[in-house]
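Welcome! Take a moment to look over the sequence and the structure, and then we will walk through a ligand site together.

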Amino acid sequence: MAGDAMEEWHWPAGYDQEYLPDPDSPYWFPNRETMDPEERDAAILERLPQVIQYAYDNSPFYKRKYDEAGLEPKDITTWEAFSQVPVVVKEELRQAQIDAPPFGDYGCIPDSEVHHIHGTSGTTGTPTGFAIGRRDWEVIADNHARILWGMGVRPGDTVFVSALFSLYLGSWGAMSGAERLRCKVFPYGAGASGMTSRALGWLARTQPKAFYATPSYALRLAEVAEEEKVDPREFGIKIMFFSGEPGASVPAVRNKIEKAFDTRVVDCGTMAEMTPFMSASATDGSPDGMLLWQDIVYHEICDPDTYKAVPYGDEGTPVYTHLERTSQPMIRLLSKDLSRWEMKENGCGRTYPSMPVGVYGRIDDMIHIRGENVYPTEIDNVLREISGYGGEHRVIVTRTGSMDEIKVRAEYDGSDTSEFEKAASSGLHRVVGLRVGVEVVEKDTFERSEHKANRVVDEREHTKKQ
Ligand code: 8LH
């Protein structure tokens with residue numbers, strides 16, 4: 001079997017809960033992480049038909065889907081055959097949950113084995129529910145512990161989880177991994193009134209080695225610290241790992257956080273459905289972008305029209321396949337995000353492909369102006385590098401006749417507004433390739449997000465949500 005050299009590689013997955021690596025090893029599973037990628041791919045190609053057969057046998061959702069596509073799970077023995085497996089889209093999952101409430105007919109495990117229920121906030125549509133099995137929860141924790149080890153977190157370290165603990169799986173996933181790693185976990189949370197300000201006191205008191213949140217939250221925390229004359233460098237945080245939105249791989253955001261907290265920023269994260277969502281994550285020795293831990297979740301970067309994997313070096317949309325989940329397994333879940341992947345030597349010695357600049361954003365959030373594609377993160381990156389930027393902005397998209405226009409309203413905290421406006425206009429022109437109107441507003445004009453930021457205000461009639 002191709003997976004013989006890989007530690008604890010079996011289906012269904014399950015891990016020795018007492019295992020911890022050699023304290024001097026940078027790797028949790030040295031073979032799995034540093035093996036010849038072709039050998040790893042061969043083992044993954046043996047696993048895929050097992051997972052697909054399991055989903056087909058245990059869920060009406062996948063049976064229906066694959067019968068309609070005329071697909072026999074046992075025939076998925078080549079990468080070409082795998083590339084023909086139809087993608088799953090979120091709308092299908094939502095519909096399945098409406099038709100077979102509350103969790104849809106893709107659960108695959110008996111109700112008695114459900115261990116955790118989670119849900120999304122539903123801000124971008126009908127909320128989705130998750131019903132995660134007991135075995136899966138343990139495997140998720142194990143995988144996240146392994147990835148946290150790769151980031152440099154060690155048993156005994158204090159891990160401060162400063163994100164929502166309600167309708168957000170991110171915090172729970174970070175917590176489960178840190179617990180399995182035998183860390184001291186503080187499930188601090190976020191979102192209740194006054195919590196950000198109080199976090200300053202708790203961080204000073206607990207001096208955590210690692211901290212988890214969304215990038216927006218960390219920026220907000222730095223701002224509140226400044227207002228309250230607290231120096232966040234005194235918290236002694238060594239590793240700040242982020243997921244949930246672009247930011248940790250946006251250079252100006254990353255620099256701002258690293259400077260404010262005197263720390264190391266680590267990007268990670270795929271989608272809540274894909275938990276263990278840390279399967280895309282940077283490491284201590286490969287700090288930029290994210291490595292794709294292919295033996296946990298199989299990541300492809302695909303052409304957004306054909307859903308076929310694009311060659312390394314190219315851009316596309318991530319498509320994810322669980323290799324270890326038995327409850328609500330996702331097989332070729334389409335993210336509709338944008339990224340670029342490559343296969344090169346990683347500083348940490350792991351032989352995984354990577355997304356060198358992370359996930360830039362969602363295809364739907366990309367703004368198309370006169371033939372140019374503009375990413376909101378590019379605008380963020382430009383503004384944050386200009387001295388006096390007040391910390392928030394909005395990108396207003398309008399349409400005059402058949403032409404789309406964008407305008408940026410940016411906060412400024414200084415005395416030379418026209419200088420700031422000039423710098424912002426020329427910076428945006430350079431990056432966006434178009435003249436962009438800049439309107440300068442006072443600091444604190446815009447609300448700060450303590451979860452995921454949304455800075456685009458789309459005022460075009462035809463894109464208005466019904
Ligand atoms: C990201 C990133 C990232 C997520 N860079 N964009 O946090 C991970 C999980 C729990 C999560 O956020 O799941 P959720 O709420 O389903 O949102 C998924 C979306 O969030 C994903 O499709 C991306 O658009 C975005 N995202 N992590 C850039 N590191």
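Which side chain does the side chain of Ser243 join in a polar contact of 2.7 Å? The partner is the side chain of Tyr212. Keep in mind that this is a predicted model.

**Getting to know Ser243**
- You can find Ser243 in the loop that links strand 6 (239-242) to helix 10 (251-261).
- Ser243 counts as buried because its relative accessibility is 1%, and the cut-off for buried is under 20%.
- Beyond its neighbours within four places in sequence, Ser243 is in contact with several residues, including Tyr168, Ala213, Thr214, Pro215 and Phe277.
- Cys268 and Gly269 are also among the contacts of Ser243.

**Who surrounds the ligand**
- There are 19 residues around the ligand, and Ser243 is one of those that come nearest, together with Asp267, Cys268, Asp337 and Lys452.
- Sorted by class, this shell holds nine nonpolar, five polar and five charged residues.

- A polar backbone atom of Ala272 sits 3.0 Å from an oxygen atom of the ligand.
- Arg362 uses its side chain instead: one of its polar atoms is 3.2 Å from an oxygen atom of the ligand.
- For Pro246, a polar backbone atom lies 3.4 Å from a nitrogen atom of the ligand.
- On its own, the ligand has 570 Å² of accessible area, and the protein covers 91% of that.

Key
Residues numbered from 1 in each chain as written. Predicted model: local features only at pLDDT ≥ 70, side-chain atom pairs only at ≥ 80, totals over all residues. Heavy atoms only, no water. Near = heavy atom within 4 Å. Polar contact = N/O pair within 3.5 Å; in protein donor to acceptor, adjacent residues only side chain to side chain. Areas by Shrake-Rupley, 256 points an atom, 1.4 Å probe, with all protein chains shown as cover. Nonpolar A, V, L, I, M, F, W, Y, C, P; charged D, E, K, R; others polar. Helix = DSSP H or I, 4+ residues; strand = E, 2+ residues; numbered from the N terminus. Buried < 20%, exposed > 50% of the residue type's maximum accessible area, 1.4 Å probe, protein only. Contact = heavy atoms within 4.5 Å.
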